[in-house]
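Q: I would like a close look at a single part of this model. Please keep it brisk and give the cut-offs.

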Amino acid sequence: MHVAIIMDGNGRWARRRGLPRSVGHVEGAKAVRATVEAAARASIDTLTLYAFSSANWFRPVAEVDGLMFLFRRYLFSETQRCIEQSIRLNVIGRRDRLGESLLHAIEQSERLTAQGTRMHLRIAVDYSAQQSIIDAASRAGGRDLTPQQFHALLHEVNHSNPTATEVDLLVRTGGERRLSDFLLWECAYAELHFTDCLWPDFDAHQLNSALDDFSKRERRYGAIAESEAEAGADQGRANVLTLASLPHSTPTHQEPST
Ligand code: FPP
């Protein structure tokens with residue numbers, strides 16, 4: 001199962017306590033650590049966290065610098081923990097605008113955790129789904145591609161290694177209900193879970209309630225419920241289209257993994 005999280009609300013968490021935004025980000029980094037551990041315990045295969053969007057470069061320089069510092073520090077402090085817990089860490093997004101020391105930390109963490117098999121942790125930094133789609137399309141160079149081939153190109157442009165499956169559950173904290181240019185292709189059939197919880201307050205309990213919510217969803221991928229299809233067939237009046245029966249169909253989804 002692939003869970004992706006838009007971590008929102010660090011600034012408001014700090015403001016409500018009369019603290020600078022930077023403190024919200026520091027507390028947010030602690031919530032990242034707790035959530036990664038909880039996700040591994042919940043047997044999630046892939047966890048993708050939206051840490052810094054390409055639009056976030058427009059924030060004040062001091063805030064951007066503070067976030068880059070936190071990413072570096074996180075990579076230094078968590079790499080050993082990831083190795084011990086068999087978590088493979090991978091930073092996705094553009095790399096050409098990141099500082100040298102962060103790039104070095106990313107490469108080192110990815111190399112040292114490459115054998116991890118328990119969970120694939122992806123942290124999105126300088127990430128824009130729209131830009132990724134544009135870059136993958138230009139890499140395709142006008143060739144006819146299947147969705148799976150395009151998906152693979154997207155992973156190439158984002159440095160996603162190994163290739164991740166599509167997102168099953170997208171969580172957004174902080175009360176907003178939008179996608180903010182995150183994994184637009186990969187979320188084609190994702191279930192969405194929005195919570196008012198501000199990111200620094202997110203923990204194992206919050207993750208488990210999102211997973212609980214997900215477990216109650218019926219995923220149909222555009223088809224109809226199995227029970228309805230059976231009832232229709234019994235009465236000899238069903239005209240049930242399944243993706244597989246469509247001419248030249250190339251379903252882009254995987255089977256639900258839960
Ligand atoms: C959005 O909240 C959050 C971010 C832009 C940064 C996310 C960073 C972290 C969670 C901490 C560090 C991450 C890692 C991986 C170590 P916001 O600042 O926009 O909050 P607001 O909407 O309340 O202002």
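Which way do Leu-169, Leu-170, Val-171 and Arg-172 point from E5, and are they buried or exposed?

A: First, the ground rules. This is a predicted model: local features need pLDDT of at least 70, side-chain atom pairs count only at pLDDT 80 or more, and totals for chains, interfaces and linings use all residues. Residues are numbered from 1 along each chain as its sequence is written.

Now the strand. Helices (H or I, at least four residues) and strands (E, at least two) are DSSP runs, numbered from the N terminus. Leu-169 and Val-171 point one way from E5. Leu-170 and Arg-172 point the other way. All four are buried. Buried means that 20 or more other C-beta atoms lie within 10 Å of the residue's own; exposed means 12 or fewer, and partly exposed is in between, with C-beta atoms placed from the backbone. In a regular strand the side chains alternate between the two faces of the sheet.

Next, the partners of E5. Two strands pair if DSSP finds at least two bridges between them. Strand E1 (residues 2-6) pairs with E5 in the parallel sense, over four bridges. Within that pairing, Val-171 is the bridge partner of Ile-5. E6 also pairs with E5 in the parallel sense, again over four bridges. There, Leu-169 stands opposite Glu-191 in E6.

The loop between helix H6 (147-157) and strand E5 (169-172) holds Pro-162. A cis peptide bond joins Asn-161 and Pro-162, with omega about 5°.

Phi of Asp-181 is near 65°, a positive value in a residue other than glycine. Leu-183 has a positive phi of about 45°, and it is not a glycine either. Most residues other than glycine have a negative phi, and most peptide bonds are trans. The surroundings of the two residues can be stated by count. Asp-181 counts as partly exposed because it has 17 C-beta neighbours inside 10 Å. Leu-183 is buried, because 26 other C-beta atoms lie within 10 Å.

One link leads away from E5. Ile-5, the bridge partner of Val-171, is one of the residues that Leu-49 touches, not counting residues up to four places away in sequence. Contact here means C-beta atoms, placed from the backbone, within 7 Å.

Methods. Two residues are in contact if their C-beta atoms, placed from the backbone, lie within 7 Å.
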